[in-house]
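This report is meant for a reader who is meeting this structure for the first time. Please look through the sequence and the model shown here before going on to the sections that follow.

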Amino acid sequence: MQRHLISAADLTRDDAVLILDTAEEMARVADRPIKKLPTLRGRTVVNLFFEDSTRTRISFEAAEKRLSADVINFTAKGSSVSKGESLKDTAQTLEAMGVDAVVIRHSASGAPYRLANSGWIDAAVINAGDGTHQHPTQALLDAFTMRRRLVGRDAGIGQDLSGKRITIVGDVLHSRVARSNVDLLHTLGAEVTLVAPPTLVPVGVEHWPCEVSYDLDSTLPKSDAVMMLRVQRERMNAAFFPTEREYSRRYGLDGERMAKMPEHAIVMHPGPMVRGMEITAEVADSDRCTVVEQVGNGVSIRMAVLYLLLGGNEPAVSHARTNEEKQDR
Amino acid sequence: MDTQASDARPVLEGPDIARVLTRIAHEIVERAKGADDVVLLGIPTRGVFLAQRLAVKLEQITDRKMPVGSLDITMYRDDLRMHPPRALARTEIPGDGIDGRLVVLVDDVLFSGRTIRAALDALNDIGRPRAVQLAVLVDRGHRELPIRADYVGKNLPTSLRETVKVQLAEEDGRDTVLLGAKPTQ
Amino acid sequence: MSKTLIRGAKVLGGEPQDVLIDGETIAEVGVGLSAEGAEAVEAGGKVLLPGLVDLHTHLREPGREDSETVLTGTRAAASGGYTAVFAMANTFPVADTAGVVEQVYRLGQEHGYCDVQPIGAVTVGLEGRKLAELGAMHESAAGVTVFSDDGKCVDDAVIMRRALEYVKAFGGVVAQHAQEPRLTEGAQMNEGVVSAELGLGGWPAVAEESIIARDVLLAEHVGSRVHICHLSTAGSVEIVRWAKSRGIDVTAEVTPHHLLLTDELVRTYNPVYKVNPPLRTERDVMALREALADGTIDIVATDHAPHPHEDKDCEWAAAAMGMVGLETALSVVQQTMVETGLLDWAGVADRMSVKPARIGRAHGHGRPVSVGEPANLTLVDTAYRGEVDPAGFASRSRNTPYEGRELPGRVTHTWLRGKATLVDGKLT
């Protein structure tokens with residue numbers, strides 16, 4: 001039985017649509033005078049952050065509190081974490097305290113998987129981003145944002161993203177957001193194209209259920225949504241690209257490029273944005289850019305995930321996909 | 001369907017249900033003195049259809065637009081931990097809200113009273129009504145909480161070994177209330 | 001002088017014969033032997049091999065006695081059918097002086113479970129900058145002939161060239177850990193389909209192959225021999241095959257785990273599968289088996305790398321690289337090479353005893369099972385089938401990737417110069 005959310009690749013289409021539909025109802029709570037539900041009263045959720053991410057932690061915390069869970073924040077950043085024992089020891093400490101769920105953020109790919117599968121802890125594990133592996137709730141909130149904008153809030157209920165053309169641009173190699181989105185968007189029926197300099201695309205990408213292009217300009221007119229990934233300036237020192245200027249000239253989104261997109265198409269960014277690098281201020285501040293909306297949607301999605309994993313006596317998202325199904329994509 | 005057609009017998013048929021709803025509509029107008037501040041909130045799934053039907057009848061009687069909405073109580077249930085999480089239904093509060101108004105909750109069957117308790121909790125998070133009343137199509141008894149209905153379509157004495165199944169055209173293709181034996185496990 | 005009579009053993013997998021050990025040597029080989037006062041061992045169709053020789057073992061002493069010592073490591077070796085192991089130099093302090101190699105050598109002799117032949121570091125502190133005193137280590141009591149910075153690659157081409165040249169003076173060999181360091185910065189697993197999905201840093205095949213290509217050309221240029229440690233990719237096989245066809249004096253080893261396991265196992269994020277070089281693909285595994293069968297790869301070496309539990313009971317990135325292997329090596333080879341028809345038992349003896357002894361100049365090991373030879377022998381119950389249970393290991397560490405896996409074959413007896421170190425599966 002799947003009690004955890006570790007990878008977007010573990011979700012079936014029906015699971016994903018159920019989460020999006022539930023999030024749509026959760027979003028309505030935000031419009032009420034009392035933005036709180038009693039659903040997780042008496043349940044303890046720990047936000048276990050081994051890597052700094054105020055945005056993600058706040059989003060989870062807001063979701064947990066709106067569902068009346070007891071929230072414990074545990075931030076263990078810095079060098080003490082480089083030693084592996086701390087994850088196991090911390091997990092066992094939390095277990096002894098009787099926590100029901102652990103939301104974990106870790107710089108090591110696979111740390112949430114280990115936490116969920118090593119017998120260190122009984123609690124449900126929700127991956128809030130691990131290394132360059134996965135960030136499933138980010139992919140879910142991105143899909144939720146796309147469904148609202150491209151299909152409609154009410155019209156979207158029960159629907160997936162069949163036929164939508166999504167372009168993801170930037171540092172795919174180091175991006176858990178890209179990996180999660182490729183998996184989830186494919187499951188939801190969208191056609192995904194990755195655009196990046198060849199140095200920032202992983203070896204082995206040819207087995208991913210998506211297209212890869214090195215040319216942004218020819219991809220933009222065929223996109224319903226364009227997701228810009230953050231590109232860290234340090235990458236240039238490791239020779240992934242020559243200069244910031246060359247990167248933004250070839251792969252950055254400015255007003256002129258945005259004009260090549262279809263009228264209805266939206267611009268997305270998981271944040272935090274590096275303005276002037278992958279996106280210009282003009283695009284970031286335009287009404288086609290959904291960055292702020294994505295933040296709000298993040299709370300609704302995380303409420304939905306928490307409710308579906310913890311709300312009952314067993315998780316509603318329980319269809320662990322077999323490896324065969326995963327590979328058939 | 002958990003009730004076999006063969007061993008379930010109808011206790012209310014289509015015309016009965018229509019007649020009962022008409023009576024409840026008149027009672028609401030009478031007790032709420034014209035019903036000018038009434039808001040109908042149906043509890044999903046079938047309570048919502050009943051609330052909508054009541055609204056139509058109230059509009060015919062009062063010749064005014066009747067605010068009607070839905071109130072999903074899933075997240076407020078006290079038995080959440082005993083089942084897998086359910087998919088949520090829509091909560092739709094009419095535009096003017098419920099503050100200072102008379103909210104009439106509408107449900108199909110009144111049984112333990114736990115659903116209504118959850119509905120009262122849910123209402124509490126949405127606003128502060130002047131008063132809350134309850135209208136149900138069938139009251140089958142066996143209350144587990146101090147809750148009673150203000151408007152009852154039919155009092156139906158039942159055994160705990162029986163099930164009551166309300167079917168409505170909007171959801172089930174026909175209007176009927178069936179009383180049957182609980183399927184043996 | 002004690003005598004042991006082994007009755008009905010299939011010598012190198014052949015027809016059952018009796019073998020009489022008298023003192024330290026093999027006294028008689030034939031059918032229907034009898035000997036007054038000899039201790040009899042009923043082999044009952046088990047296979048008799050020359051004692052196995054491992055050219056690549058980490059005994060961890062001195063410095064990491066929490067994971068293995070010379071004693072526990074040689075006991076593990078005897079359990080696995082080995083009579084000689086070559087101990088890698090990456091200890092604390094590094095085995096880069098005559099003092100350290102003599103200490104390790106003497107510990108092996110004192111314990112008496114298995115001959116320990118220390119490997120000397122190529123460069124001081126394994127740092128790749130300055131040659132260690134290779135000649136002094138060779139002339140020491142340990143008589144070092146194999147030099148390696150294993151764990152680290154001798155990546156500086158000039159240092160590698162000098163080392164290759166220098167050891168010619170005393171018939172030494174440099175064993176290269178082929179890993180281009182810049183291409184493997186932050187590397188966590190084989191770079192390919194699985195690493196792309198798991199988001200773990202890639203260890204590309206080319207980082208191994210480019211060093212091997214350079215080193216075989218260097219060996220050719222300076223007329224030296226070179227040994228390639230734990231060759232792991234199909235591309236490396238091609239390069240070694242090409243080099244041998246050109247007459248370059250190159251030898252190569254493969255580990256048991258690279259003959260059986262693939263990077264698909266990393267999907268579990270279980271660090272027990274974390275090893276350097278990393279587990280590769282099915283295609284690589286098949287190429288390695290074929291190369292071992294046709295002689296392109298000369299030997300099987302375990303790269304036995306013990307680590308304490310806590311270094312593996314953690315998240316992948318924080319875990320140590322390496323697997324123990326001495327006690328499962330022969331079983332893995334039986335499964336991957338013998339039961340697939342790629343090698344017969346004489347071939348196994350060649351790849352796991354004769355050739356490694358020859359490459360490492362381990363005198364008295366890897367000899368034929370015939371009269372007058374040193375009685376270094378291993379008796380294998382090849383019909384045995386059983387699940388690997390690390391709790392029964394003689395090694396101090398338990399980091400085996402085979403826990404719970406059914407493997408064929410079990411070593412029941414090991415003799416080191418006529419003295420039994422393992423009897424009925426129990427260490428003496």
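Which residues of the largest nonpolar core touch the most other members?

The model described here is a predicted one, and its largest nonpolar core holds 291 residues, of which Val102(A), Ala143(A), Val226(A), Leu40(B), Leu54(B), Leu48(C) and Phe147(C) touch the most other members. The element that gives the most to this core is helix H11 of chain A, spanning residues 291-310, with 10 residues.

## How the chains meet

There are 2 pairs of chains in contact, and of these chains A and C share the most contacts. In that pair, 18 residues of chain C are in contact with 23 residues of chain A. Helix H5 of chain C, residues 193-198, supplies the largest share of the side of chain C that touches chain A, namely 4 residues, and by class this side is made up of 10 nonpolar, 4 polar and 4 charged residues.

Where chain B meets chain A, the contact takes 16 residues from chain B and 19 residues from chain A, and the side of chain B that touches chain A has, by class, 9 nonpolar, 3 polar and 4 charged residues. Chain B and chain C, on the other hand, are joined by no contact, and their closest C-alpha atoms lie 28 Å apart.

## Two open sheets in chain C

One open sheet of chain C has 5 strands in the order S9-S10-S13-S14-S15, with parallel pairing. Its edge strands are S9 (146-147) and S15 (299-300) of chain C, each of which pairs on one side only. S9(C) and strand S10 of chain C, residues 173-176, pair in the parallel sense over 2 bridges, and within this pairing Val146(C) stands opposite Val173(C) in S10(C).

Another open sheet of chain C has 3 strands in the order S6-S7-S8, again with parallel pairing. Strand S6 (52-57) and strand S8 (115-118) of chain C stand at the edges, and because each has a single partner strand, one side of each is left without a neighbour in the sheet. From one strand to the next, the twist averages 20°. S6(C) and strand S7 of chain C, residues 82-87, pair in the parallel sense over 4 bridges, with Leu52(C) standing opposite Tyr82(C) in S7(C). Helix H11 of chain C, residues 345-360, packs on this sheet and touches S6, S7 and S8 of chain C, and its direction makes about 55° with that of S6(C).

## Annotated positions in chain A

According to an unreviewed UniProt entry, the annotation "binding site" covers Lys83(A), Arg176(A) and Arg230(A). Arg176(A) belongs to helix H6 of chain A, residues 176-187, and it counts as buried because 23 other C-beta atoms lie within 10 Å. Not counting residues up to four places away in sequence, Arg176(A) touches Gly129(A), Asp130(A), Gly131(A), Thr132(A), His133(A), Gln134(A) and His135(A), and also Gly199(C).

Arg230(A) lies in the loop between strand S8 (225-228) and helix H8 (244-251) of chain A, and with 18 C-beta neighbours inside 10 Å it counts as partly exposed. With residues up to four places away in sequence left out, Arg230(A) touches Gly170(A), Pro272(A), Met273(A), Val274(A) and Glu278(A).

## Annotated positions in chain C

For chain C, the "binding site" annotation in an unreviewed UniProt entry covers His58(C), Leu59(C), Arg60(C), Asn90(C), Asn276(C) and His307(C). Asn90(C) is found in the loop between S7 and helix H2 (98-111) of chain C, and it counts as buried because it has 22 C-beta neighbours inside 10 Å. Leaving aside neighbours within four places in sequence, Asn90(C) is in contact with Leu126(C), Asp150(C) and Gly151(C).

Is Asn276(C), which is also covered by that annotation, buried or exposed? Asn276(C) is placed in the loop between helix H8 (256-260) and helix H9 (282-294) of chain C, and with 20 other C-beta atoms within 10 Å it is buried.

Technical notes
Residues are numbered from 1 along each chain as its sequence is written. Chains are lettered from A and ligands numbered from 1 in the order in which they are written. This is a predicted model: local features need pLDDT of at least 70, side-chain atom pairs count only at pLDDT 80 or more; totals for chains, interfaces and linings use all residues. UniProt positions are given in the numbering used here, feature names are shortened, and annotations may be inferred rather than shown by experiment. A residue is buried if 20 or more other C-beta atoms lie within 10 Å of its own, exposed if 12 or fewer, and partly exposed in between; C-beta atoms are placed from the backbone. Two residues are in contact if their C-beta atoms, placed from the backbone, lie within 7 Å. Two strands pair if DSSP finds at least two bridges between them. Ala, Val, Leu, Ile, Met, Phe, Trp, Tyr, Cys and Pro count as nonpolar, Asp, Glu, Lys and Arg as charged, and the others, Gly among them, as polar. A nonpolar core is a set of buried Ala, Val, Leu, Ile, Met, Phe, Trp, Tyr and Cys residues joined through C-beta atoms within 7 Å. Axes are lines fitted to C-alpha atoms, for helices over the stretch in contact, and angles run from 0 to 180 degrees between N-to-C directions.
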